Amino acid sequence: MSRPLEGVLVLEFCQFLAGPSAGLKLADFGARVIKIERPKGGDACRQLSIKNLFVEDDSLLFHTINRNKESYAADLKNPEDLEKLKKLISKADIMTHNFRPGVMEKIGLDYVNVQQLNDKIIYGMVTGYGTEGPWKNKPGQDLLVQSVSGLTYLSGSDIDGPVPFGLSVSDIMCGNHLAQGLMAGLIKRAKTNKSVLVEVSLLESILDVQFEVITTYLNDGGKLPERSSAKGSAHAYLSAPYGMYETNNGYLAMAMGNLENICALINCDITDLYLHPNAAFENRDQLILRLAETFKKQDTQRWLNILETNGIWCAEVLDYQKATALNAYKNLDIEQYLDLGDGKNIKTTVSPIRLDGLKLKSAVAAPKLGINNREINQEFKIT
Amino acid sequence: MRPLEDYLVIDFSQFLSGPSASLRLADMGARVIKIERLGVGDICRTLYTSNLIMNGESSVFHAINRNKESFEVDLKKEEDCEMVRELLKKADVMIHNFRPGVMDRLGFDYESVSALNPTIIYGEISGFGNEGEWKNKPGQDLLLQSVTGLTSLTGNADNGPIAMGLSIVDMLAGAHLAQGLLACLYRKVIKNEGGLVQVSMMESAYDFQFETITTFMNDGGALPQRSLKNNANAYLGAPYGIYQTENGYIALAMGSIPMLGKLLICEDLLIYIDIKEAFDKRDEIKAILANHLLSATTEKWLSLLEPADIWCADVLNWKELMEHDGFKVLNMIQEVEMLDGYKYETTRCPIRIDGELLTSSKGSPKLGQDNQNIIKEFITLNAVTNV
């Protein structure tokens, strides 16, 4: 298989998660991605660890996000280094950055100036909140973006107050959007032979994630979402039984389904609560509590046997240990090893996209800071 | 010009995952024709959320399917299949999210379609892949969240599993499919090759968790532990979380604990000098913070923290957000109009290209509204004798 972005050269000035996760997607599609990093310390993510996990000098987190890339150390404030970078930019197909508005203008690597160096560049920019308005200089940090976007009123139950998603969802979706925009830019350039500017922001991306429910809100007379007060409810806009239920040995997830059917199967009397079909929404809190009483009485497997054989949409709720032991997990070939040299390796995930029937695997580990300077200088005749 | 101008996308998919990918392609300039079942259409048309019906169909359908056309067919009838084959001969992209085997039975599997059109890019989304004992399990978002460990990350330690309150896995799978299709469209421009793009919701759910699952894989299989209260990320220390104040809430991202103690005038925090304590003692630190932050308003705390460059924010609902100039300046809302004149507001594509907002005023299609035009434009009479 020929990877679709073979021959595409990407310069990644981005740090942390949003921009670099887009670079990773392009790398797995076959592009050559060179991280441009500060000589002192490099991408700040190198030192940002979770659970203090490091692989040699760099955090495991950095390794996860930056595998399959090269590293070129250069100081944007040093005129000599800047000249070198300009040579590289003149050869690149794509460059990305996530500096705050104004920074690249000062350095002279903003879109207008870069077009002078390379009139066919695809220039990708990630910001927190766009380049205009009162929030433009606010820190583009995931939890803060979630907090101002209304997202925190969609999970958990209404007595919990705001509940953020427990992952950097704005960063990750923004990275996905950036990757889409950059590839659309490549397609556009192939037809026009001209440079393309692609802009995304964390806030616009997290609003896009909410596009269904925001559309409902906009056309529903401004009625804000109301989460159920019942523990385990899983969607502000969906009726019972949608949610998670405790059993006598774990938890069971119930998707949408016909309440009367389900209650007949599990032997749960809801006749006083379910008087008409709309009651599944109107009496949602009480219905969820009533179902919870029944589900508590038996083990998860027994409920699954009863419900699944009758075509009811449900599943056991699993933690990482049980989830990664599933045959379905193994069949999908989700893991790969990165080669650290000297017989050492680390395990991580593979790109989620299959092309022409094959997974987009790559064993190339994340680069050490500046490890590729010499060969890149040679290759691009940079002195 | 938009990047995907002159591209034709034939979309058999329903619900959210596949249609969210074709919406993205539509906003990038492609012409998207939904292939919908006679008399019923995309099941999402009748999938009501909060009982909100707009112009006879669910609000969700309108959000996902604007900027598309609808071609209503009966795939059990040979002449209708022949018309769809005529369309596929001219298409650049085809998308479906049927369960494994359905397209083989209908004769629209990759092999058959690429025989009709060797440079087509064929995209499919499944729940759990096309093989194995779970291949026929429903690819429903909450179930995917539940079996991939995702529900152990949100909420507090004593909450039990908490789902993310949106169809996040559907949207990720759609985003990944769009990426694969775009990558192959680029290859097509350069090399004139077709391609097959396959995404499963399960793989997309793990890609979303790539940081945490990689940590799990390399940490001796230790499970994520959410903090007791104010959790926002199982793997991060205090103060990371949302806290109640006298009149609302405040979000605090990273920051040194003694520094916060100084700025917030909270003496009890000054003793946590060792950086490791921010994680190891996060429950006790968060409890102190939570108690202290109740004593004044969100505005007061922001006024102490923001000038010191501490990463913090107010917590807004949609109403408050949409009244804010920081939101208004984005022009995120657009009005679209259906063929019958019905208008509604929705969000626009989140990507800007060459400074242009990728808006489109075209609303969602009524079932089969474009049949006549599509037949006239694409289907030659000798190809379909019975029309």
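Which residue of β10(A) is the bridge partner of A:Tyr245? Select A:Leu252 and you have the answer.

Before going on: this is a predicted model, where local features need pLDDT of at least 70, side-chain atom pairs count only at pLDDT 80 or more, and totals for chains, interfaces and linings use all residues. Residues are numbered from 1 along each chain as its sequence is written, with chains lettered from A and ligands numbered from 1 in the order in which they are written.

Strands here are DSSP runs of E, at least two residues; helices are runs of H or I, at least four. Strands pair if DSSP finds at least two bridges between them.

Contact means C-beta atoms, placed from the backbone, within 7 Å.

Next, hop to the chain boundary. Chain B brings 116 residues to the contact and chain A 111. For a cross-chain strand pair, pick β8 (residues 196-201) of chain A and β14 (residues 352-353) of chain B: they run antiparallel over two bridges, with A:Glu199 opposite B:Arg352.

Last stop: α9 (residues 210-217) of chain B, where seven of eight residues are buried (20 or more other C-beta atoms within 10 Å of their own, again placed from the backbone). Among them are B:Phe210 and B:Phe216. The cover includes α2 (60-66) of chain A and α8 (201-208) of chain B.

Terms used: Contact = placed C-beta atoms within 7 Å. Buried ≥ 20, exposed ≤ 12 C-beta atoms within 10 Å, placed from the backbone.
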